[in-house]
Amino acid sequence: MENLVQKLRAHRIAVTPQRLAVLASLEQRQDHPSAEKIYQEVRRQLPAISFNTVYKTLEVLCQKGLVTKVNPLHKVARYDGETGRHIHLVCRRCHGIADLPRQSEAFPSFTPEELHGFRVEYQSLTLWGLCPRCQEPENGKER
Ligand SMILES: [Zn+2]
Ligand SMILES: [Zn+2]
C-alpha cells in the first residue's frame, strides 16, 4: 500500500481510499479487467463506492499515465496497470487479454528522424488468436 501511495504522489494525484483500492486491484491482476470487473472487486472493500466513481478514477489514472486503456476489441475498455512496453496476447473468442513478459527485442527501435517528432508514450504489440481453452472444440462456441 505504501508503494501505491508513493506512486500516486509521484504522479501528482491526490491519495484517496478509492484511488488506492482501484490501483491495488489493477496491480494485482493480469487479466486487463473492464471497469465493471474492477468495480465488483473494489466494492467488496469499499461497499459505498459507485460504479461512476470507479470509472472516473480509472480515467484519472489513465490521464496521469499510471494505467493504460487497452481496447483491442472495440467494445468495452479494459485497463492495464502495466505501462511498460509489453506484448498482449488477445483471444478473439473469449476476449481474454494476457501479458507476455517484456520482450524488448521484439520492439523495433526508431530514430527521432523516423518518428518525425512524435513522442512515444506507450508501446504494446498485439498478437491475435485463440487461447488454449478456446482451441478445444467443445469450447469453440462464441460467447
Ligand atoms: Zn479464449
Ligand atoms: Zn498488458
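Tutor: Buried means under 20% relative accessible area and exposed over 50%, with partly exposed in between (1.4 Å probe, protein chains only). This is a predicted model, in which local features need pLDDT of at least 70, side-chain atom pairs count only at pLDDT 80 or more, and totals for chains, interfaces and linings use all residues. Residues are numbered from 1 along each chain as its sequence is written, chains are lettered from A and ligands numbered from 1 in the order in which they are written, and side-chain values use heavy atoms, with hydrogens and water left out.

Student: Is histidine 86 buried or exposed?

Tutor: Histidine 86 takes part, through NE2, in coordinating the zinc ion (ligand 2). Its relative accessibility is 1%, so histidine 86 counts as buried.

Student: Which residues coordinate the zinc ion (ligand 2)?

Tutor: Donors are N, O and S atoms within 2.8 Å of the metal (3.2 Å for Na, K and Ca), and water is not among the atoms, so sites may look incomplete. Along the chain the donors of this ion follow the spacing H-x47-D-x5-H-x1-H-x10-D. At 2.0 to 2.2 Å, the coordinating residues are His32 (NE2), Asp80 (OD), His86 (NE2), His88 (NE2) and Asp99 (OD).

Student: What is the arrangement of the 4 donor atoms around the zinc ion (ligand 1)?

Tutor: The protein donors, Cys91 (SG), Cys94 (SG), Cys131 (SG) and Cys134 (SG), lie 2.3 Å from the zinc ion (ligand 1). Four donors count as tetrahedral if all angles lie between 85 and 135 degrees. Because the angles subtended around the zinc ion (ligand 1) are 102 to 117°, the arrangement is tetrahedral.

Notes
Tetrahedral: all angles 85-135°; square planar, octahedral: opposite > 155°, others 65-115°.
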